[in-house]
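I opened a new notebook page for this chain.

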Amino acid sequence: MTTQPFHVMIIGGGTGGMALAHGLKRAGISVAVYERDRTRTSGLHGYRVGIDPDGSRALKRLLPPDLFEVFVSTCARSPKYFSFLREDLKPNIVLPLVVDEDPVNSEKSVSRMTLRQVLFTGVEDLVHFDKKFTHYEKNDDDTVTAFFADGTQATGNLLVAADGANSAVREQYLPQAKVEDAKIISISSKVPLTEESKALLPKEVFEGIGLVVAPKGYSCILHTMEFKWDRDGKIKNGIGGNDADLLDHWPGMLFDNTRDYINWGFWASTDKFPSDVLTRSREDLIQLTLDMTKDWSPDLRKLFRMGEPSTTFVINIRTSVPIEQWKSSNITLIGDAIHTMTPGQGVGANTALRDAALLCHQITEFTEGRSTLVDAVNAYESRMVKYGFEAVIASKKQTGGDQPVHKPYIGRLVLASMRGYFWLAARVPSMKQKMAQELYTYRGGDRDDF
């Protein structure tokens, strides 16, 4: 065995990787992060991510208390409702979300860029930028060495793959673990929040999350993001006390350019789109969305038209193919590196955070002498494989191009059945309450992994 202090190498500085780094640092465990981006502001990170109780609980465990307070302060206004809508913007059912003063057991909305800045705060000395991982080698002294495209290398006792859906670590370590197309294409854009754009949405949708479920399997998600700072980056009037002080002194504000906006995301099965959709210009993507929704609400189409081309993008959604648990070693994986999932359940980032908290706990158990390293990794992987792939399957069932709702004839029956259920649930209080409670508990409400 090596006589060097125990050291963890994390490949990838995304949500899960950075959260894990914070947790290990708090536990006094040596850790370094190797990020392929050149700087902490590289890449497109400005879109919304929903943080559910699972994610909040993990962040509370992993982040220093003062930084967790910053995270809570930098979240956008919390959504109050989840609305299932028709294409004419009329609601099928509106479910109340748990709005709780408890910073854990509630739904939160945060900018990906803002969350990235929170997670980089206080661990800048642990992150090595512009490090593109190429491969690893296991050593005779039970260490592992990671190699990078710039010719450098690093050695540690545990290698954690947090390098996303296209994980190079996974490709070498678990070549049997595949990622496949979910047969869904999604187009997304931001609309600046103004009185004009606000007026286009029903009150419950503006104050919450709206999901349009339409014929042909077409869907659209609507989020409103209102932050505590204005367009000039100054703290808004009415934001007082501790929040204002935290934001005013938080160094991450220097890097963030996120302003209030409405985010729309339209998707359908791949076969509904022209074959060249992934190469179209941003302006063409907005026009394509309009062309595919000619019989939708005029207000919703106006919102599509108001999308800023510079923020518009198209993505071919992918999903992991679940595999049996493998033999554990001093290499492991978290987040999209092992369980990439469609956005159907909105739990991808939260599952990565859940991974980070659980892995940090097990590594701490090892460093405190209560298990071997391989046993600690195995304890983590045994639970992660179960809940991670369960989330993959559930998300694909909700948002997968091979689901019946996308079929020409049966899709109409599925949609009619769905709307019939919503109609009934909206009028039967016990059914509506059960739907709201299931949404809460599925996303980690009152769950404790430890």
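Among contacts in the chain between residues at least 6 apart in sequence, what share joins residues at least 24 apart? I find 75%, with contact meaning heavy atoms within 4.5 Å.

I note that this is a predicted model, where local features need pLDDT of at least 70, side-chain atom pairs count only at pLDDT 80 or more, and totals for chains, interfaces and linings use all residues. Residues are numbered from 1 along each chain as its sequence is written, and side-chain values use heavy atoms, with hydrogens and water left out.

Whole chain. I count 15 helices and 17 strands (DSSP runs: H or I of at least four residues for helices, E of at least two for strands, numbered from the N terminus). The C-alpha trace spans about 70 × 50 × 45 Å along its principal axes. Of the 450 residues, 55% are buried (under 20% relative accessible area, 1.4 Å probe, protein chains only).

Helix α12. I looked up residues 348–367. In α12, 15 of the 20 residues are buried. Gly369 follows α12, with a positive phi near 85°.

Ile10. I found Ile10 in strand β1, residues 7–11. Ile10 is buried, at a relative accessible area of 0%. Not counting residues up to four places away in sequence, Ile10 touches several others, including Leu20, Val33 and Val160. Asp163 is 153 residues from Ile10 along the chain, yet their C-alpha atoms are separated by 8.6 Å.

Technical notes. Buried means under 20% relative accessible area, exposed over 50%, partly exposed in between (1.4 Å probe, protein chains only). The expected span of a helix is 1.5 Å times one less than its number of residues.
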